[in-house]
Amino acid sequence: MLSSADVRSARFTATKFREGYEIPEVDQVLDAASDTLAHLERGETVKADGSPLLTPNDLLAARFTSTRLREGYDVVEVDDLLDEIITTLNTYIARAQRGEPLSPVSAHEPEEPQAPTAPDVAPAADVSAPSLATPADAE
């Protein structure tokens, strides 16, 4: 189970002359993921302006430009972190669906069963993730 601080402090091996992900693109997605986790850690299911939080499907749909001659982030390391973030978001979604508080999960608490993640290919168009927002949040 990851925290927003875990995502903010993540570091990746730099690549050059082998495939990597474009650094600014990865940083942008990870900033959004960290922001989403910070909201959930505070028990918030939408942003202050009412806009939705990042979903597991947003991360599954994320695509990054490949680098080879420029420095990039290691592909496997980035993909592994994204998988961990998806698992964390799925845990929060499961708690919300059961009506449980969205307080951060302790490292000693068992994690929710993980839904299978998509392989490193584009997700199917009809895949959708349940929203964390409740009807009361929309008012």
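1. Start at the loop between β1 (14–15) and β2 (20–21): phenylalanine 17 lies there. Strands here are DSSP runs of E with at least two residues, helices are runs of H or I with at least four, and both are numbered from the N terminus. The phi of phenylalanine 17 is near 70 degrees, a positive value in a residue other than glycine. Most residues other than glycine have a negative phi. Phenylalanine 17 counts as exposed because its relative accessible area is 63%. The classes are buried (under 20% relative accessible area), exposed (over 50%) and partly exposed (in between), with a 1.4 Å probe and protein chains only.

2. A word on the model. It is predicted: local features need pLDDT of at least 70, side-chain atom pairs count only at pLDDT 80 or more, and totals for chains, interfaces and linings use all residues. Residues are numbered from 1 along each chain as its sequence is written, and side-chain values use heavy atoms, with hydrogens and water left out.

3. Now the overall layout. The chain has 4 helices and 4 strands. Along the sequence they follow the pattern α-β-β-α-α-β-β-α. Of the 139 residues in the chain, 37% are buried.

4. In what order do the 4 strands stand in the sheet? The order is β1-β4-β2-β3, in an open sheet with antiparallel pairing. β1 and β3 (66–67) are at the edges with a single partner strand each, so one side of each has no neighbour in the sheet. Two strands count as paired if DSSP finds at least two bridges between them. Strands of a sheet pair through backbone hydrogen bonds, either parallel or antiparallel.

5. Look at one pairing inside that sheet. β2 and strand β4 (residues 72–74) are joined over 2 bridges, in the antiparallel sense. Glycine 20 stands opposite aspartate 74, a residue of β4.

6. Which side chain does aspartate 74 meet in a salt bridge? The partner is arginine 18, at 3.1 Å from N to O. This pair links distant parts of the chain: aspartate 74 is in strand β4, arginine 18 is in the loop between β1 and β2, and they are 56 residues apart. Aspartate 74 is buried because its relative accessible area is 11%. Arginine 18 has 37%, so it is partly exposed. A salt bridge here means a side-chain nitrogen of Lys or Arg within 4 Å of a carboxyl oxygen of Asp or Glu.

7. The structure holds 5 salt bridges. One of them joins glutamate 44 and arginine 42, with their closest N and O atoms 3.2 Å apart. Glutamate 44 is partly exposed, at 29% relative accessible area. Another joins the side chains of glutamate 100 and arginine 98, at 2.8 Å from N to O. Both of these residues are partly exposed: glutamate 100 has 32% relative accessibility, and arginine 98 has 42%.

8. Which residues form the negative surface patch? They are Asp6, Asp80, Asp83 and Glu84. Patch residues have over 30% relative accessible area and no salt bridge; like charges are joined within 9 Å, and nonpolar side chains (Val, Leu, Ile, Met, Phe, Trp, Tyr) within 5 Å. Helix α4 (residues 75–97) gives the largest share of the negative patch, 3 residues. Glutamate 84 lies in helix α4. Its relative accessibility is 41%, so glutamate 84 counts as partly exposed.

9. Some residues apart in sequence can be compared by their C-alpha distances. Leucine 53 sits in the loop between α2 and α3 (56–61). It counts as buried because its relative accessibility is 7%. Aspartate 35 belongs to helix α2 (residues 23–41). At 32% relative accessibility, aspartate 35 is partly exposed. Aspartate 35 and valine 7 are 28 residues apart in sequence and 9.5 Å apart in space, C-alpha to C-alpha.

10. Last, the segment after α4. Proline 101 lies there. How far from glycine 43 is proline 101 in space? The C-alpha to C-alpha distance is 7.1 Å, while the two are 58 residues apart in sequence. Proline 101 is exposed, with 60% relative accessible area.

Terms used. Accessible areas come from the Shrake-Rupley method with a 1.4 Å probe; for residues, only the protein chains shown count as cover. Lys and Arg count as positive and Asp and Glu as negative; His and the chain ends are not counted. The place of a charge is taken as NZ of Lys, CZ of Arg, CG of Asp or CD of Glu.
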